[in-house]
Amino acid sequence: MDPVIVRVVSLKKSYGPVRALDGISFEVGRGRIFGLLGPNGAGKTTAVRILTTLTRPDDGTAEIAGADVLANPAKVRSLIGYVPQELTVDPYLTAAEHLRYYADLYHLAGAAWETRTRELLALLGLAGQEGRRVRHFSGGMKKKLDLACGFLHRPPLMVLDEPSLGLDVQVRHDVWRYIEQLRDQGTTVFLCTNYMDEAERLCDEVAIIDRGRIAALGTPAALRSNLKRDVISVEVSASHDHHAEKLAALERAVAGLDLVRETMKDGTQLKIYVEQNELALPQILSSAAALSVPIHAISYSRPGLDEVFLHYTGHSFAEGNEHHG
Ligand SMILES: Nc1ncnc2c1ncn2[C@@H]1O[C@H](COP(=O)(O)OP(=O)(O)OP(=O)(O)O)[C@@H](O)[C@H]1O
Ligand SMILES: [Mg+2]
């Protein structure tokens, strides 16, 4: 079996003068959680609408398990489960009626349906609400019901556009765990997100999309470590003047090390930007020992996906959101 389930090549789509997708290409491996991460208006939903055959591309190709979205849309739809960004629930139906409707749609029979329904209602905190009409639900509850309906069946590819939009923190984490379970049981998950933490925590692989282009692609860990901007921060206590001198001496010493890219001293704190924390840290500590630097605290951290976004697009994620409002 082809290890690639989604294959997108040079996909383009414009709406009048707006280039929603400006030639994006990527592949999604079977059994992975793949995230399209980008600010508002980046083109995520447009990409998803092409993959789910709801919109035609202007140029380029998209295939699901070898089936082309234009040549073979029925096959494509049979392979995909889709929970759109916009709510799809009907205000005049109850939660139970929605679940029953989708169960019929997916040909789910008795026991399997009942177990899964109960499991999903509990997971999403909707247990006990089955009999209520959706028009009395809060926005978050409607989103939860949408997810429950989408999760009823087990297609090879689950497409989720902003799955945790509007959910409270606890349910968000539960949904993430559920998505991981789906993956572990063999479902491939393709999701769009506005949230750095969601991409970082959940996705095996992330494509950062900005203004219709893929700016970077890789595992969250690789995207971060490719930046070569791990930071080690050394602090001395403020109680003695000579501590600051010691820190200045340390700065001069480490600036000459191969793995150190940049240093920045701010009062009693020295920030050292390095290529590889694991290797740089022992070298920095031995320099500090040789100079008898009285270290008060030391910490190190990796750059986040927000820094990755800034690095590859030249502007911040929040700015991207403002840009498209
Ligand atoms: N049906 C449409 N008609 C006109 N313009 C559209 C249409 N759909 C999308 N666009 C435009 O295409 C661009 C990409 O929109 P898209 O919905 O794909 O972004 P997104 O990344 O999903 O954003 P969000 O995070 O807000 O959901 C935007 O500039 C949007 O205004
Ligand atoms: Mg969208």
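Predicted model: local features only at pLDDT ≥ 70, side-chain atom pairs only at ≥ 80, totals over all residues.
I took helices (H or I, at least four residues) and strands (E, at least two) as DSSP runs, numbered from the N terminus.

Housekeeping: residues are numbered from 1 along each chain as its sequence is written, while chains are lettered from A and ligands numbered from 1 in the order in which they are written. Local features need pLDDT of at least 70, side-chain atom pairs count only at pLDDT 80 or more, and totals for chains, interfaces and linings use all residues.

Next I looked at helix 4 (residues 110-123). Its 14 residues reach 20 Å from first C-alpha to last, close to the 20 Å expected at 1.5 Å a residue (1.5 Å times one less than the number of residues).

Which residues of helix 4 are buried? I found Thr117, Leu120 and Leu121 (buried: 20 or more other C-beta atoms within 10 Å of its own; exposed: 12 or fewer). They cover an arc of only 95° around the axis, which puts them on the same side of helix 4 (the arc is that of the directions from the helix axis to the C-beta atoms). On the other side, Ala111, Thr115, Arg118 and Ala122 are exposed.

The buried residues of helix 4 pack against helix 3 (95-105) and helix 5 (contact: C-beta atoms within 7 Å).

Key: Contact = placed C-beta atoms within 7 Å.
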